[in-house]
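Below are some notes on the charged side-chain pairs. Please read them alongside the coordinates.

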Amino acid sequence: MVRIALSLVALLSLLTSAVAQNPPTGRDTSYRSSASCGWTTFGVLARLVVVAAVAWCFPIYAWAQTKSGPQGTETTGPAVKQRANSKTTTRTARSAPVAGGSCDFGVVITTGDEFTVQTTGLTIFQNKKTVVPIPGWGLSDLIFARTRAAIPAGASVLRITYNPAKFPPRDESKDTLKDRLVRDPNAELAGYMREAVKGTNCRHYIQILNAISPIGSSSYTVRGFGILNQDVVLGRRIFLHALAFVRIFDGRAFAIVRQSSALINLDHSLAVQRFLGKLVGGPYRELPAESFPTHPEDAADNPALRDGVRAMLAESLDKTLPLLLGRRPAARQSDTEQR
């Protein structure tokens, strides 16, 4: 369009120039004045026509450029729309699973990631206990893996996150004879589990927690996972222990269906094992004296202690859980305390 307008301008310019350079001659001389005036008027009108044509052409050209756009930008609109749609599709595909869905077994692990370094002796001045954090040992993951392996194939399993901050610590001052006569432990445990699994809907719930056992015939106890330095007159003995307890709850009334300490030796009850001279009611092994950490916090970085606890824990769960889940004949219930 611009080229046409420019060509029109050039043509009219040549025409007016030619008329100006070749005025009428001969008998038309008498009319020079009127003709010159006519040609001048014609030239002015021609230039106005050219200007109007150019002005009309440029908006059309600009509108055409805006409509078509430069090369490679014709799909800008659809491309943006397509990218937006792809983002929407991706977010929909990554939607989180619906909470509170039904399942066959819900697993709650309340052992915690802690390791106890403990010393006992003949006097109270020898008694020391330090709790060391061990998040890198992966005990909770191990417990869930062994529990999942013990559950019958095809059953749906939900791992339930435990938040200890939601539950107040146990008040030992209220654990008196009067309180034991009045309180209903089963009702307390049912209420505890209802709160722990709130928002879920499972047919059964399995809780894995720490067990507590007396040390021999003394009044001292060990709990959960740890190492014991028994400092006596004839020397000292070092014991590594991994004490866990298993409870299975009904998912409706939250009554305890079965419960037991996680044991490796299933031939005798814990009472019989104590009678036979077992120092700790549950999995433990004696270690060389140098195995006891010089500083309690060193235990967290000791691979021998970590692997020993993991091995005893896995073996005890692999032997106890199938019995409680009915995959083998039921074993006797343990009389070990649990917490």
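1. Glu114 is partly exposed at 27% relative accessibility, where partly exposed lies between buried (under 20% relative accessible area) and exposed (over 50%), with a 1.4 Å probe and protein chains only. This is a predicted model, in which local features need pLDDT of at least 70 and side-chain atom pairs count only at pLDDT 80 or more, while totals for chains, interfaces and linings use all residues. Residues are numbered from 1 along each chain as its sequence is written, and side-chain values use heavy atoms, with hydrogens and water left out.

2. Glu114 forms a salt bridge with Arg223, with the closest N and O atoms 2.8 Å apart; the term requires a side-chain nitrogen of Lys or Arg within 4 Å of a carboxyl oxygen of Asp or Glu. The pair links distant parts of the chain, 109 residues apart: Glu114 is in strand β2 (residues 114-120) and Arg223 in strand β6 (residues 221-223). Helices (H or I, at least four residues) and strands (E, at least two) are DSSP runs numbered from the N terminus. Arg223 is partly exposed too, at 31%.

3. By this rule there are nine salt bridges. Another joins Arg203 and Asp104, at 3.5 Å from N to O. Arg203 belongs to strand β5 (residues 201-214) and Asp104 to strand β1 (residues 102-109), so this pair ties together parts 99 residues apart in sequence. Arg203 has 48% relative accessibility and counts as partly exposed.

4. Glu315 and Lys319 also form a salt bridge, their closest N and O atoms being 3.3 Å apart. Both lie in helix α8 (residues 303-324), and because they are four residues apart, about one helical turn separates them. Glu315 is partly exposed at 33%, and Lys319 is partly exposed at 30%.
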